[in-house]
Amino acid sequence: HYMKTNKGLAAYSLAQVGKPYWFGTFGNTATSALYSAKKKQYPEEYFESDYKLQYGERVHDCIGIIKAFLWSETATSAPVYNRKQDVGADRMREMSDAKPIKTIPETPGVLVFAPGHVGVYVGNGYVVEAYNHARGVIKSKLADRNFDAWGYCPWIEYQKMDNKKRVFALKEK
C-alpha cells in the first residue's frame, strides 16, 4: 500500500518503468475493450499495430502515472476514477504553482513540466515519464530532457527531507 506522499509517488513511478504508454490511460490494465474505447475516443493517438502485444500490462500516459498513484491502493491494484483529480498536464502545472526548473529541490516526487507534458522527479538527477507509445514509461536524466518547470502535486503530502542525507532509498512495499 502506497501512502499518498512524495516518496510514494517516486516509488510508484519507478515501478512503472518499462510499461507501455497508452494515451488517455491511468494505470488501467490493457485489454481489447480498453483499446477499442481509447481508439474511438482518441483516433489520432491510436494508429500503431502493437497494442495487442501489450494486453494484460498496466498502461499510463504522462499525467496518468500521477492519477494512477492517487487513485490506486498499490502499484498493481485497479485505479478508482476521481473526477476532481482528473486534470491534464498543463492544468496540473498551474495547480502546482510551478517554478523554474533550475530551482528544483532534491525532493523525490516533485513534478516536472514541459508544455503539455509532466514527469516525476525521482531523485539524484533522474525523472520517470510516460514518454510516448514507442518508448513507453522511461527513466531519464533530468538534464537530458526539456523540462522547464517543477512543482508540488496538490494532492500529495510532501515530507520534509533531511538535508544532510541527499540520497534516498525507495522501499517498494
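This is a predicted model: local features need pLDDT of at least 70, side-chain atom pairs count only at pLDDT 80 or more; totals for chains, interfaces and linings use all residues.
Which residues of α1 are buried?

1. In helix α1, the buried residues are N6, G8, L9, A10, A11, Y12 and S13. That is 7 of the 10 residues in the helix, which spans residues 6–15, so α1 is largely enclosed by the rest of the structure.

2. What do the buried residues of α1 pack against? Five strands take part: β1 (26–29), β2 (58–60), β4 (111–114), β5 (117–123) and β6 (126–132). Helix α3 (62–71) is also among the partners.

3. Q54 sits in a loop. That loop runs between α2 (32–41) and β2. Is Q54 buried or exposed? Its relative accessible area is 12%, under the 20% cut-off, so Q54 counts as buried.

4. Q54 has a polar partner. Its side chain makes a polar contact of 2.7 Å with the side chain of W22. Leaving aside residues up to four places away in sequence, Q54 touches P20, W22, A30 and H133.

5. The relative accessible area of V80 is 59%, over the 50% cut-off, so V80 is exposed.

6. How far apart are V80 and A15 in space? The C-alpha to C-alpha distance is 19 Å. In sequence, V80 and A15 are 65 residues apart.

Definitions and conventions. Residues are numbered from 1 along each chain as its sequence is written. Side-chain values use heavy atoms; hydrogens and water are left out. Buried means under 20% relative accessible area, exposed over 50%, partly exposed in between (1.4 Å probe, protein chains only). Helices (H or I, at least four residues) and strands (E, at least two) are DSSP runs, numbered from the N terminus. Contact means heavy atoms within 4.5 Å. A polar contact is a pair of N or O atoms within 3.5 Å; within protein, one must be able to donate a hydrogen and the other to accept it, and residues adjacent in sequence count only if both atoms are side-chain atoms.
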